[in-house]
Amino acid sequence: MIDIKKVQKQILEATPVLGRESVPILDAVRRVLVQDIIVAEDLPASDISAMDGYAVSHTSLRSVSKQNPAYFKIIGESPAGKPCGAIVKEGEAVRIMTGGLVPEGADTVVKVEDTIEEDGYVICSIDPGCGEGIRFKGESLQTGEVVLHAGDVISPLEVGALASLRRAYVYVHRKPLVAILSTGDELSDFHEPPSPSKAMCSNLYALAAQVVEAGAKPLCIGIVQDDLEELQSQLYEALHADVIITSGGTSKGKYDLVHKAFSSLDMKMKFTNIFDKPGKPTVFGTIRKKLVFGLPGNPSATMLSFEQFIRPALLKMMGFQNISNASHNTNDPFSLIDSFNYGQGGNKEHHRAPQIPLGKTLSGNDNKYLKKKKQVCNTMPGCLKIVGR
Ligand SMILES: Nc1nc2c(c(=O)[nH]1)N[C@H]1C(S)=C(S)[C@@H](COP(=O)(O)OP(=O)(O)OC[C@H]3O[C@@H](n4cnc5c(N)ncnc54)[C@H](O)[C@@H]3O)O[C@H]1N2
Ligand code: MOO
């Protein structure tokens with residue numbers, strides 16, 4: 001048996017980073033960019049007004065004051081999206097709206113609140129300073145600038161930047177396809193009637209949801225009976241996925257066939273048992289370089305093993321680099337009380353303790369899950385996630 005840290009390290013060492021695919025920018029959210037994004041055209045592409053006001057040449061505004069206002073003849077209008085062809089000379093102004101193109105000859109926009117318009121003239125008694133009220137060409141982004149880098153994670157901010165650069169598609173790391181199989185003759189699915197001897201194969205759905213939440217693509221293969229040939233053939237079919245997860249059949253029972261099926265497919269076994277519970281009988285190896293995880297059937301063990309071992313691998317496949325050893329936050333249903341040396345043989349056992357603040361000391365009466373008095377609540381040690389996610 002090996003400990004969680006070693007297991008996590010072994011898994012990440014065997015995990016490849018997947019190649020790239022081009023996707024529409026909205027499909028790139030929470031995914032990792034594979035290319036640098038270089039600005040092809042200045043942003044803004046021309047000088048545009050940052051204010052509703054009047055575009056003038058600053059030379060006409062020098063030495064204006066309340067006592068000595070400047071008068072400008074209005075020679076045209078530049079609403080947003082409809083440029084004005086006029087050329088502004090000294091003593092002239094163009095009425096301009098926010099986002100409107102600044103006409104030739106103008107270098108300053110006086111905002112409307114600082115002016116009075118009368119009989120085709122605008123009167124200005126304040127000098128806002130040369131260049132005020134204008135967003136100049138290239139002020140936000142300049143041609144040739146690297147605005148996003150390979151390895152960046154796309155969030156709405158990056159989508160906005162990409163859209164403003166007119167990039168409809170970007171290259172990101174491919175999402176792993178994760179085949180999920182549930183093994184066990186006792187399992188049934190929604191379409192089957194309930195029976196006392198059957199258990200609903202909830203793991204199939206819980207695992208698929210975890211795969212989705214991690215950002216990968218689930219492929220629910222369904223229930224596979226406790227039959228070696230069927231298991232072998234379903235696993236063989238599943239090899240077109242990037243990752244295979246089975247649940248159940250990993251233990252020592254007569255009908256626990258997962259080990260045999262893996263061996264028959266020449267699995268390169270990395271480990272078969274971990275030191276901690278839940279999740280003790282977890283199996284991991286590779287078949288034709290595909291990652292294969294055999295998770296125990298107990299639903300809480302299945303989900304915890306996914307969080308500890310599979311989620312980090314999926315994140316690595318999708319190009320995330322900042323995978324750290326940060327623990328889960330305590331609002332997570334996987335928050336656990338850590339009761340060291342609790343199990344027989346001295347292995348760690350983690351008991352569920354939903355939504356208890358990190359570090360809080362609890363008395364034995366606080367929670368039905370507590371078996372000892374005065375245990376310090378902790379999150380699952382060694383659980384990997386992206387920092388800041
Ligand atoms: N002799 C020993 N027996 C067991 C050991 C051991 O060391 N020696 N380990 C125990 C531990 S720890 C675990 S965990 C389980 C793991 O068993 P399996 O992986 O073989 O799982 P199953 O026996 O197939 O199922 C266990 C339990 O979970 C239910 N299950 C299975 N699949 C699903 C599913 N898709 N959805 C919902 N529930 C599922 C199943 O009905 C069983 O109740 O072994 C212990 N035994
Ligand atoms: O190790 Mo078992 O996975 O439930 O406790």
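The conversation below sets values against definitions.

Mentor: This is a predicted model, in which local features need pLDDT of at least 70, side-chain atom pairs count only at pLDDT 80 or more, and totals for chains, interfaces and linings use all residues. Residues are numbered from 1 along each chain as its sequence is written, chains are lettered from A and ligands numbered from 1 in the order in which they are written, and side-chain values use heavy atoms, with hydrogens and water left out.

Trainee: What makes the approach of glycine 279 to ligand 2 a polar contact?

Mentor: A polar contact is a pair of N or O atoms within 3.5 Å; within protein, one must be able to donate a hydrogen and the other to accept it, and residues adjacent in sequence count only if both atoms are side-chain atoms. A polar backbone atom of glycine 279 is 2.6 Å from an oxygen atom of ligand 2, and therefore the pair qualifies. For lysine 280, a polar backbone atom is 2.9 Å from an oxygen atom of ligand 2, while a side-chain N or O atom of asparagine 298 is 3.1 Å from an oxygen atom of that ligand.

Trainee: How do you know that aspartate 256 has a polar contact with ligand 1?

Mentor: A polar side-chain atom of aspartate 256 lies 3.2 Å from an oxygen atom of ligand 1, so this pair also qualifies.
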